[in-house]
Amino acid sequence: MTAHTGFQMVRPPRRENPMLRRITLGLLAALALCAGRAALAVEAPAIARPSFPIDGELQTRGLVFFVPANTRTGAAAVGTAHTFDLTKLVKAGGGHFILGNSKKIVAQSRGFLAPPGRPYYGTGASLFDDYVIFALDEAPKGVRLLQLETEPVAPETRVRILGVPQGSPHDEDDLFGRVAEVSPSRIEVDLDVSQDLRGWGGAPVLSQASGRVIGILQAFYPQGATARIGVSPIAAVRAALSQPLENGVGRPFSSFEKLVAATAATIRARAAEPP
């Protein structure tokens with residue numbers, strides 16, 4: 001039997017190390033900051049909708065995505081030449097880019113960083129020609145920049161397409177598919193699932209492996225339970241970005257009025273020619 005002594009061992013109060021506390025709190029704060037930045041990086045969309053005054057009203061349609069550029073703002077917005085009538089767009093004094101559902105303005109533009117391309121459905125044009133690169137007034141806020149692929153894409157490559165599905169509460173969502181056919185002027189992609197892609201013109205198509213943009217979504221064709229999309233190779237945009245106008249400042253939309261008018265006149269003339 002153990003005798004009860006009536007005494008209880010009392011431990012001396014634990015002395016806190018102020019230096020250790022400061023280090024611990026500092027590490028926790030750094031981890032929280034890193035986690036917050038990582039969350040923002042994941043959540044920030046790379047796409048927005050262009051919105052410009054056309055025919056006396058503000059029209060918002062299609063998509064653009066943001067890429068690094070050798071400019072004062074460090075970025076540019078890439079879209080398609082067929083989203084707006086270029087003969088009308090070049091008369092707009094400027095416009096802005098808004099997120100798909102939250103409608104937050106993330107950037108503004110008053111000019112092109114490179115001469116605009118041509119709508120793919122125009123006579124003599126192809127998907128390769130269908131692009132525009134917007135010069136930005138300031139660096140975009142609340143979006144992430146996408147890198148452009150430099151390697152050729154091959155059939156069977158898995159891809160990811162960024163867009164804003166109808167009814168989605170998010171500013172960005174994605175679809176997946178695989179490259180079915182490749183040519184110098186066109187990439188064909190079969191989607192994994194069927195999806196209504198109205199309003200997705202200009203969406204970036206990324207290599208799932210590298211995360212880099214391989215092309216721009218131009219058109220989609222339903223086929224059975226799924227769909228195929230026509231994609232313009234990103235090579236034309238990459239080449240244009242290597243020689244930005246006015247050392248990266250770009251030129252006002254109005255300076256391209258004669259160019260787009262001449263292009264439109266040529267398309268009309270060819271369309272009127274007898275077959």
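Hi everyone, let's start inside the protein. Helix 2 (86-89) and strand 8 (132-135) each give at least two residues to the lining of the largest cavity. Please keep in mind that this is a predicted model.

How many cavities of 30 Å³ or more does the structure hold? There is 1, and the largest cavity contains about 60 Å³ of space. Its lining is made up of Pro50, Leu63, Val64, Gly79, Thr80, Ala81, Thr83, Phe84, Leu86, Leu89, Val132 and Phe134. Sorted by class, that lining has 9 nonpolar residues and 3 polar ones, with no charged residues.

Now let's move to Ser185, which sits in the loop between strand 10 (173-183) and strand 11 (186-191). Setting aside neighbours within four places in sequence, Ser185 is in contact with Ser126, Leu127, Phe128 and Pro233. Ala235 is 50 residues from Ser185 in sequence, and their C-alpha atoms are 9.4 Å apart in space.

Finally, the cores. The largest nonpolar core has 42 residues, and those touching the most other members are Phe65, Ile133, Ile161, Ile229, Val237 and Leu241. Let's look at one of them, Val237. Leaving out neighbours within four places in sequence, Val237 is in contact with Val78, Tyr131, Ile133, Leu148 and Ile216. There is also a second, separate core of 25 residues, including Ala81, Val106, Ala107 and Val143.

How values were computed
Residues are numbered from 1 along each chain as its sequence is written. This is a predicted model: local features need pLDDT of at least 70, side-chain atom pairs count only at pLDDT 80 or more; totals for chains, interfaces and linings use all residues. Side-chain values use heavy atoms; hydrogens and water are left out. On a 1 Å grid over the protein atoms alone, a cavity is a set of points where a 1.4 Å probe fits but cannot get out, and a pocket is an open set with protein on both sides within 12 Å along at least five of seven lines; lining residues have an atom within 4 Å of a point. Grid points are joined across faces, edges and corners, and a volume is the space filled by probe spheres set on the points. Helices (H or I, at least four residues) and strands (E, at least two) are DSSP runs, numbered from the N terminus. Ala, Val, Leu, Ile, Met, Phe, Trp, Tyr, Cys and Pro count as nonpolar, Asp, Glu, Lys and Arg as charged, and the others, Gly among them, as polar. Contact means heavy atoms within 4.5 Å. A nonpolar core is a set of buried Ala, Val, Leu, Ile, Met, Phe, Trp, Tyr and Cys residues joined through side-chain atoms within 4.5 Å. Buried means under 20% relative accessible area, exposed over 50%, partly exposed in between (1.4 Å probe, protein chains only).
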